[in-house]
2 protein chains.
Amino acid sequence: MNARGQAGTNFQAGFLVFPGVQLLDLAGPLEVFGLVPGVRLRLIWKALELIPSSSGVLLKPSDQLGSCPQLDLLCVPGGPGIDPLLGDKEVLEFVRKQAEGVEYLTSVCTGALLLGTAGLLRGYRATTHWSATALLPSLGATYQSGRVVEDRNRVTAGGVTAGIDFGLRLVAKIWGEDQAQRVQLRLEYRPDPPFQAGHPDTAPRRITEQAEQELATRRERRAELLRKLLDN
Amino acid sequence: MNARGQAGTNFQAGFLVFPGVQLLDLAGPLEVFGLVPGVRLRLIWKALELIPSSSGVLLKPSDQLGSCPQLDLLCVPGGPGIDPLLGDKEVLEFVRKQAEGVEYLTSVCTGALLLGTAGLLRGYRATTHWSATALLPSLGATYQSGRVVEDRNRVTAGGVTAGIDFGLRLVAKIWGEDQAQRVQLRLEYRPDPPFQAGHPDTAPRRITEQAEQELATRRERRAELLRKLLDN
């Protein structure tokens, strides 16, 4: 138990949301933090209108970039919609400004790329979705293998479902292991994947090739976009 | 690969949503099914207005109970908001009507209780969130230990995060193991929980006692509600 004591009284946990955010990137850590008593959750975007997540489910932001108070933790989830944000001045400015005051600056999945183009991973070890780890060095970050990578106050998670492991680790760090274990139990998080296909290191080669094929167009566009942004 | 072939062309996967639904109960299987090409996802509720999930995040339903077409799969997620639905005639009628035509009738977490009060688990083996398994016999179901329990076309998952394992198992069953493995890889589902606290069987006793304390009021109210409903 650290100085924050038993519960997250008035701990402000903010999640950037955007058109094309991957719902599960967001829902994992959000539910983990949401079960800590006293944590205030915020979903932050430019406007308060409904935004479509990558699967089409519509979400309602609770706060706008310009009027969101200083957060204790900012988490940037990923998803196909992250790409248009990588050079978006309003979003980059918001993230940079929050970064000055947050206790933890974090990402899940390809959300790390936004922290990267904001210059906030320069000199840090980090991770992202397995399909995007090769992009980290161009952002000044050192890729470190691992489902959750912590370097000073930057905490980055791997792809999508890594957000659950990430959330539990952070809750343990901030409010103690007992709090994290209570949350894990409430969420019945005793995973039992039917296959060993959760990472290219363990998936059958044909499965990795097929998944890479599915992601090929997106990856090429993303790499091209980053080249342009980093040239400027 | 079964008769449905390579992809989920026009496969209708519907999720009941409601005020107080647990977002992660929903987001896990929804993202798993959403990565199968051709699957049509629907979020179904009485009205199309925004509804608050248990953590406060606002969701927008896509379909109404009365006008939702026949689904291929119906999934009822859980959450604190399931209780008011257990005796709700409009909801029970929707579930019973869909049950006649679906290929799979499913639930995650305490969603099983709604299938139960609709009479649709009578004579079936099933599971639910660990805190609610003791209620299954009163609904005519036999509790079977396991993260995902399949009995004929009823597939029930344990608490919250079990929805991910559930989704992958069903995708494997419907569209084959390669499809399920591709989805698992896309979601980077190689879980690494920091503690062994995901189930009362493995959690430290004090953690289970604390979590049971947190849930005590809700459990008592739910048991009382079920007694009243089943007396009528």
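A salt bridge is a side-chain nitrogen of Lys or Arg within 4 Å of a carboxyl oxygen of Asp or Glu. Keep that in mind. In chain A, Lys46(A), Asp88(A) and Glu90(A) are linked in a network of such salt bridges. Over all chains, the count by this rule comes to 28.

Some ground rules. This is a predicted model, where local features need pLDDT of at least 70, side-chain atom pairs count only at pLDDT 80 or more, and totals for chains, interfaces and linings use all residues. Residues are numbered from 1 along each chain as written, chains are lettered from A, and side-chain values use heavy atoms, without hydrogens and water.

Now the symmetry. How can chain B be laid on chain A? A turn of 180° and a shift of 0.0 Å along the axis do it, with an RMSD of 0.0 Å (least squares on C-alpha atoms of residues with pLDDT of at least 70 in both copies). That is the relation of a two-fold axis. In chain B, the C-alpha nearest the axis belongs to Leu59(B), 2.6 Å from it.

Next, pairs between chains. Arg182(A) and Glu214(B) meet in a salt bridge, 3.3 Å from N to O. Arg182(A) lies in helix α5 of chain A and Glu214(B) in helix α6 of chain B, so the pair joins two chains (helices are DSSP runs of H or I, at least four residues, numbered from the N terminus). Buried or partly exposed? Arg182(A) is buried at 7% relative accessibility; Glu214(B) is partly exposed at 36%. Buried means under 20% relative accessible area, exposed over 50%, partly exposed in between, with a 1.4 Å probe and protein chains only.
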